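I opened the notebook for a pass over surface patches and aromatic contacts. Entries follow in the order I looked things up.

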Amino acid sequence: MQKCYKALEPIEASIKETIQKSEVVHFDESGLRVNGNSQWVHVSSNKTHTHYQVHEKRGQIAMDEIGILPNFKGKAVHDGFKSYNQYECEHYLCNAHHLRELIFVHEQLHQSWAEKMIKFLCKANDLVKQAKLDRKSTLDALEISKFELEFQIIIDSGYKANPEPEIDPNLPKPKGRPKRSKPLNLLLRLDLQRQKVLGFLHDFAVPFDNNLAERDIRMVKLKQKISGSCRSVNGANIFARIRGYISTLKKQGLNILDTLINVFLGNPLFV
């Protein structure tokens, strides 16, 4: 495995460069146990390439050292983790995350605005999918305006159901802002970051969700579920590089076994 790892070093660099120059890139991170300690696996991927990197940090320090985001100028799709926002690219949020949170608010807290927002996001996504099938490059301006108005109406109804917490004037003024409820925090994110939420309506290159990165990170979680953890940092790095190459091969429809044999024979395929 060490031989394969070394042979793939220039290919991994090529994959990183390709991803960095892409129009749209999905980003995610997940915990991994390495030699008994908590580490993070960062994934950066598009439809044809995947890159994994194991790092002891989750946030900006790791992202800077990985080196993809610092010079990325395209469209970044992620779950809203605040470290991503430090980079000067376009940012878009994963609506699959929003749907999961909205389902909780609707089913567990019984707030009707959440159900309306679920239906709204699904309807908007379906419309964009159909427009793409019809080979349209964008929605009509009138259609977009109607959706934005409907979005605002739902947001307004959500605020009515979730007012800001009241501060008792008879008590000492607390430090910081009062703690907000989960529904109100969700509402504020949808409202104040609406361009990142509804980007898929305005630009068909922007995906509705971050499911691509979540699928790519799933193999890491599967490995941890089966083996428990990586025994060493070197072993984790070997796994990440080889797994990124295999994922890239799979996305491009290439024969994985034959291509890996060529790696061991000293003739690796650049992808």
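Is Leu-222 buried, partly exposed or exposed? I note that the model is a predicted one. I looked up Leu-222 and found 39% relative accessibility. Buried means under 20% and exposed over 50%, so Leu-222 counts as partly exposed.

I then placed Leu-222 in the fold: this residue belongs to helix H10, residues 211–227. Next I checked the surface around it.

Aromatic rings came next. I recorded six aromatic pairs. I looked at Phe-120 with Phe-151, a tilted pair with centres 5.7 Å apart and 45° between the planes. This pair links distant parts of the chain, 31 residues apart. I find Phe-120 in helix H5 (residues 112–133) and Phe-151 in helix H6 (residues 141–161). Both Phe-120 and Phe-151 are buried.

I moved on to Phe-200 and Phe-208. Their geometry is edge-to-face, at 5.0 Å centre to centre and 85° between the planes. I checked cover for each ring. Phe-200 has a relative accessible area of 3%, so I log Phe-200 as buried. Phe-208 comes out at 10% relative accessibility and therefore also counts as buried.

I also noted a cluster: ring pairs link Phe-27, Phe-72, Phe-81 and Tyr-84.

Last entry: I found the charged end of Arg-241 over the ring of Tyr-5, 3.9 Å from the ring centre.

Notes
Residues are numbered from 1 along each chain as its sequence is written. This is a predicted model: local features need pLDDT of at least 70, side-chain atom pairs count only at pLDDT 80 or more; totals for chains, interfaces and linings use all residues. Side-chain values use heavy atoms; hydrogens and water are left out. Helices (H or I, at least four residues) and strands (E, at least two) are DSSP runs, numbered from the N terminus. Buried means under 20% relative accessible area, exposed over 50%, partly exposed in between (1.4 Å probe, protein chains only). Rings of Phe, Tyr and Trp (its six-membered ring) pair if their centres lie within 6.5 Å; planes under 30 degrees apart count as stacked, over 60 as edge-to-face and the rest as tilted. A charge sits over a ring if NZ of Lys or CZ of Arg is within 6 Å of the ring centre and within 35 degrees of the ring normal.
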